[in-house]
Every structure is written in C-alpha cells, then in structure tokens.
Amino acid sequence: MDETNVTKRKIDSEKNRSLETTETELEFKQNKATSVALQKEVGLISGISLIVGTMIGSGIFISPSSVLTNTGAVGPCLIIWAACGVLATMGALCYADLGTMIPQSGGEYSYLLEAFGPIPAFLYSWMSIIVAKPSSFAIISLSFATYAAAPFYPGCDPPEIAKKCLAAVAIILITLVNSLSVKLASYLQNFLTAAKLLIIAVIVVAGIVLIAQGNTHSFKNSFDGAQTSFGSIGLAFYNGLWAYDGWNQLNFITEELKNPYRDLPLSIIIGIPLVTVCYILVNVAYFTAMTPTELTQSSAVAVTFGDRVLTPVSWIVPLFVVFSTFGAANGSCFTAGRLTLVTAREGHMIKLLSYINIKRLTPAPALLFNGILAIIYIIPADINTLINYFSFASWIFYGLTIFSSIVMRFTRKSLRRPVKVPIIFPVIVTIVAVYLVLAPIIDAPEWAYLYCALFIVGGLIIYVLFIYFHFSWIHKIMRPITMHLQLLMEVGPEETEK
C-alpha cells in the first residue's frame, strides 16, 4: 500500500509539473504574440520634436553661405529659404495624405510598393538603406564631430582623424541608445530639440537687438547682383533643402504613432512652419552681424556670429551646435531603422533585419546595420560629394513618391483617405522635384550624378538575382548565420496579436 501511495504521489507530482510547464509555455507564447511588436509610444509632442529635431541639424549652421553664393544677393537668399520651407510643408502634407491612407512604417517604400509594385519600391530601399540613410547619418555625425572638436584646436581646423574617430563614437552611442529603448530615444530627442531651439532663440534675439541698433546695412539694395540662372537657383535649393531635410521622417514611424490620423498632419503643420520661421530669422540675424561677402567666406557661420555678437559667452554657440547635430543624427538613426525593418519584412533585404529585440521591442538589427554602414561612409574625406549624392538621389524618389499620390487617386479609389490634400500640392511638388533633379545636370554636368544614377539602376541586378528568381542556395547559406545572430542579439520575428 505504501509503495502504491508513493507511486501515485509521484505520478500526481509529475502531472502538476507538466501542467505548470504547459501553462508557462502558453503564457510565454501569449505574451510573445501580444508584445513582440513595435509599440504605439510616439505622441504629438514627440512627433513635433522628431520633425524639428531631425530638420534642425547642421544645415542652418553650414548652408547659409552656400545658398547666398548661389543666389548672389540677400533678397533672393531669404526668398529661397522661405520657398524651401513652403516646398517642405507641401511635400510633408502630401506624405501625410499617403501616411494616413497607408498607415505603415517605412515611408516611401510602403507608398511606392502600393502604387507601382515591388521594383520601384526595392530601388528606393536599395538607394536609401545602402546610400542615403547611412551617408546622411555619417555627414551629420561628421558635422557634430567638427564642432565638438573645435574648442580643443583653437586657431586651426581639427585633424581629420580626430573628427572621424569622434563621429564614429557618436554613431555607436546613438545606435546603442536607439537599440535599447524607444522611449529613451524619444526623451533624448525631446531634450536635444529643446537645447537646439534655445540656441536658435539666442541667435534670433541677438539679431533683433542688432536690427534695433540700426545694423541693417546688408538689407539695402538687397537684390543687387542676384543670380537667376536655371542651374544656380537649383543649386541654391539643393543647399537650402539639405537644411530642411527630415520633413518626411515622421512617416517612417506611422505604426508607432499613438493617433496617426491626428498626430501626423498636426506634427507637420506645427513642426515645419516653426522650422521655416526659425531659419528665416536666423539668416536675418546673420546678415545683421556680417556683410554678404563675409558670410560667404565663413565655413562656420554660427561660430563667426557668436564671436562677433556674443563675445563674453561665444563658447555656447559651438556647444549648442553640438547638441543640434547630435539630435539630428539621433532622429536620422531612429527613422532609418524603421525603413530597413519594413523593407526586410517584405523580403527585399535579409530576413534578420526584420527582427526586433524580444525584450526591448526595438529594431536592433536594422539599427546596427545602419550604424555600421554610417561608420564605413565616414572613411571618405569628400563630404560634399556625399551631400550631392544624397540630394540628387533623394529628390528622384521624393518626386516619384509624391507622384504616386496622384496615381493612386485614380488607381486606388477605394482606399480610405483621412487626410486628403488638394491635388495641386502633389502636382507642384512633383514638378519642382523634376526641376531639382535636372538643374545640376544641365548647369554643371558631373560624372558623380551619372555614377549615382547607375548605382540606383544597378539595384535591378540585385532584385533580379536575389529576389525575383529567389535562389534557394542563398537562403540555405543565410539560415545558420541568421540563427546564430538571432540567438546572440536576442531578436525574433515580429508577431502581433491574432
């Protein structure tokens, strides 16, 4: 009897353990199914901060001299800055139309896929993931490094190796923060946005004081010597729009907006005009302290302004420019990871890049991939070539994406459009995009533009070999590599509640 009772108790104990294990597995699977997904944690304030924080980076502290050089006079220069703001706002509203009609993260990729199919979408993702996003991240990080290193090398330019090492450290730090937490990245963005708005406010207030004191000599005969050639205006727009770049960034995280139908258009309507007003007022402030000739000769306009106007505390200018560029790099990293994730989720990049961290719910593999490419792009010394590549390639696809909103008004009439902009907006922006792509080629044709176009078209070879024909041996090679990296990084495929 005793042996029978002992045996019975053992069987009951094993059944209980088995039941507990089954319940634990079910609970884990349920938690995984409901939690291993991008979370809706970005609200209106964070959305505005992301737009403002990404747009206000190094551009307003570097581009003014280039815009003035290409326009030739103060009046046209200020008009170009205002026109760039109007163009960015119109373009962003067209994106809001697309983003609320197709509420998926990924930005242009998702819209081109819906409108034109997989090939244009893949070419965009190929260009953006391999060239545009990491090169932009690298350029902004190098700008950050230049201003961060400047105080340690008074009277001379910092050595290239110091700037590149510092830029690499910034890329690693920003990638790490974004991989750890969406909330931490958003909080960092909010803080840096406040810091950069503070220095913008200081420059604007100082400019107003100088105007009140009668420093308006630069505004007399402000259209004398203006250049109005087809190419020069286009190049001025290139430099101005580089400062405005980031107007489309919020569409990359549509899935993470708490209320995309309200927050997406509101963030655009509030954020971009705010940046436009800031840029115009900052340029006015620059002209109160410098003549047009002095401004065109300055490589760091804000630092020159600080040395002349804020002499006792001129050190705050490079410090806050560091905050500004660091915030822009953080915003660029944040959105680039989402584009890579969506592209990989569609099967147009390696599968691992579509995985997210199962503990922190961030697209860690995509973020790390973007960071590694950005560090590689730091190696070339010719930043201007990277900027030309970026601008030329980007506006090809900006124009194509906005043109897709016109096409889908006829081909996707059944889709719900919570935010429907007047069709004149996408028409105007598409025409301007065509102009911006053709202007530098017509005015000053260079091999760089041809190389860029060939590289984009070369993506067709990748698409045909690795996606269209879908060679099985490639997947056999990648499967064990993906498995080991998945275990190492603690990442898995995104799953949602069914």
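## Lining of the largest cavity

Helix α6 gives the largest share of the lining of the largest cavity, seven residues. The model is predicted: local features need pLDDT of at least 70, side-chain atom pairs count only at pLDDT 80 or more, and totals for chains, interfaces and linings use all residues. Residues are numbered from 1 along each chain as its sequence is written, and side-chain values use heavy atoms, with hydrogens and water left out.

In total, 23 residues line this cavity, and S136, I140, D245, G246 and F390 lie nearest its centre. Two or more lining residues come from each of α2 (44-55), α6 (118-149), α9 (230-244), α13 (316-345) and α15 (383-411). Helices are DSSP runs of H or I with at least four residues, numbered from the N terminus. The lining has ten nonpolar, eleven polar and two charged residues; here Ala, Val, Leu, Ile, Met, Phe, Trp, Tyr, Cys and Pro count as nonpolar, Asp, Glu, Lys and Arg as charged, and the others, Gly among them, as polar.

## Cavity volume

A cavity is a set of points on a 1 Å grid over the protein atoms alone where a 1.4 Å probe fits but cannot get out; lining residues have an atom within 4 Å of a point.

## Nonpolar surface patch

F410, I423, I424, V427, I428 and I431 make a nonpolar surface patch of about 530 Å². Helix α16 (residues 424-443) gives the largest share, four residues, while I423 lies in the loop between α15 and α16. Patch residues have over 30% relative accessible area and no salt bridge, and nonpolar side chains (Val, Leu, Ile, Met, Phe, Trp, Tyr) are joined within 5 Å. Areas come from the Shrake-Rupley method with a 1.4 Å probe, and for residues only the protein chains shown count as cover. A salt bridge is a side-chain nitrogen of Lys or Arg within 4 Å of a carboxyl oxygen of Asp or Glu.

I423 counts as partly exposed because its relative accessibility is 36%, between the limits for buried (under 20%) and exposed (over 50%).

Note on methods. 1 Å grid on protein atoms, 1.4 Å probe; cavity = no way out; pocket = protein on both sides within 12 Å on 5 of 7 lines; lining within 4 Å. Patch = residues over 30% accessible without salt bridge, like charges linked within 9 Å, V, L, I, M, F, W, Y side chains within 5 Å. Buried < 20%, exposed > 50% of the residue type's maximum accessible area, 1.4 Å probe, protein only.
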